[in-house]
Amino acid sequence: MIEEQPIVKVGMAEMGTGRSHGLIRTTGLGSCVGLTLFDSETKLAGMVHVMLPSSEIAKEGSLNIAKYADTAVPALYKELLNMGASAKRLVAKMAGGSQMFDFAGSGDTMRIGPRNVESCKVCLNELGIPLIAEDTGGSYGRTIELDCQTGILFIRSVQMGIKEL
Amino acid sequence: MDNIFKGFAEFKMDVLKEVGNIGAGNAATALSRLLDKPIDMAVPKVQMLPFGEIAENVGGAENLVLAVFFRVEGEAPGNLFFILTPDAAKKLLHRLAAIEISEGDTFSEMEWSAISEIGNILAGSYLSSLADFTKLSMSPTVPAVAMDMAGAILSYGLLQFGQMGNDALLIDTTFIEGKHEVEGQFFLIPDPESFDKIFSALGVPFDND
């Protein structure tokens, strides 16, 4: 009997985790980055939908850690370790960080996609997590799904169709 | 304070509705002149929404939309989107532009350029009427056009709100050409700090609610 796969939906500036079966999905990534961590042994999987590169610019009272790359990546890492993942086995994949609109003389706000990607890489580096695949940049939106069984990341876009990482 | 707008009194929302009404009303008039057809406008919706729900107003995060995006500069900065379905955009081009229109969901260089110019005219009338009404300076940047997933496009309008919290305030106005052939939406997302300026310019008293 085919079991219906549970889907964990991760919204903008949210985090989600799963174990051994089902999918973790986030839709409509533009300048945001969808970053996933996966431990192939324990089949622990997690995803964050990062919106901004750094929490230093935050003006909010209670910080939403899933929103900023510099807080979201360590938070997802800790969460998966708490669930029983091994720091040595965790590998990262990410997608998104595109530049949807092309402005002449783009300011920093418009370059937010590439900055999100850079910031995520710095955080992964600091935590010693290898980035094994990425599909970032460009000027199109992406929907991504992480298969918690295999760690395969499916990326769907309007122009490019479906891609597997 | 998680949400700076929780305390917005009902009448403040009404003031923002009026802002949408005046802006989109003028844009609709401009479009009506361009098309030489009457254009109807829905009552503006002013909503404070979690980021994830904003794209629901244009058919969901994965829905394919065409958007002309303007950054609004001046005393009350913000983000302005003019959103159409690809189909409505083609119909608009058919009516307005004296160029060969291609079939299907792809757009030529020429068509992009015409769409962004139409967007420019409409956004210009939206913002200039708002500027007249509030006596605040507001001018659009050069238009940028994209056709993609609604969620990916609209997230660009949420970056300023992103630093403040997890919701954004959206002034949404839909207009419809008589036989529903061309339907479009204006989304104005003022920057969080613009609200005080808009309210005080319109004589809405300050309060700390």
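Analyst: The mean positions of the 13 positive and 30 negative charges of chain B lie 5 Å apart. This value, like those that follow, is computed from a predicted model.

Chain B contains seven helices and eight strands. Its radius of gyration is 17 Å, close to the 17 Å that the globule rule gives for 209 residues, so chain B is as compact as a globular protein of that length. Along the principal axes, the C-alpha atoms of chain B fill a box of roughly 55 × 35 × 30 Å. Of the contacts in chain B with a separation of 6 or more, 72% are between residues 24 or more positions apart.

The surface and the interior may be considered next. Chain B has an accessible surface of about 8600 Å², and carbon and sulfur atoms account for 51% of that surface. Buried residues form 57% of the 209 residues in the chain. In soluble globular proteins, nonpolar side chains tend to be buried together. Here, the largest nonpolar core has 93 residues, and those with the most contacts inside it are A:Phe101, B:Leu80, B:Phe81 and B:Tyr126. Helix α1 of chain B, residues 10-35, supplies the largest share of this core, with ten residues.

A:Phe101 belongs to chain A, yet its contacts beyond four places in sequence include B:Ala67, B:Phe69, B:Phe81, B:Ala144, B:Val145, B:Ala146, B:Ile153 and B:Tyr156. A second, separate core has 21 residues, among them A:Val48, A:Leu80, A:Leu90 and A:Ala92.

B:Trp112 is located in helix α4, which covers residues 109-134. B:Trp112 has a relative accessible area of 25%, so it is classed as partly exposed, the range between 20% and 50%. Beyond its neighbours within four places in sequence, B:Trp112 is in contact with B:Leu66, B:Phe107, B:Val145, B:Ala146 and B:Met147. B:Trp112 and B:Ala76 are 36 residues apart along the chain, and their C-alpha atoms are separated by 28 Å.

B:Gln163, by contrast, is placed in a loop, between α6 (159-162) and β7 (167-177) of chain B. The relative accessible area of B:Gln163 is 19%, which is under 20%, and therefore this residue counts as buried.

Note on methods: Residues numbered from 1 in each chain as written. Chains lettered and ligands numbered in written order. Predicted model: local features only at pLDDT ≥ 70, side-chain atom pairs only at ≥ 80, totals over all residues. Heavy atoms only, no water. Helix = DSSP H or I, 4+ residues; strand = E, 2+ residues; numbered from the N terminus. Rg over C-alpha atoms; globule rule 2.2 N^0.38 Å. Buried < 20%, exposed > 50% of the residue type's maximum accessible area, 1.4 Å probe, protein only. Contact = heavy atoms within 4.5 Å. Areas by Shrake-Rupley, 256 points an atom, 1.4 Å probe, with all protein chains shown as cover. Lys, Arg positive; Asp, Glu negative; His and termini not counted. Charge placed at Lys NZ, Arg CZ, Asp CG, Glu CD. Core = buried A, V, L, I, M, F, W, Y, C linked by side-chain atoms within 4.5 Å.
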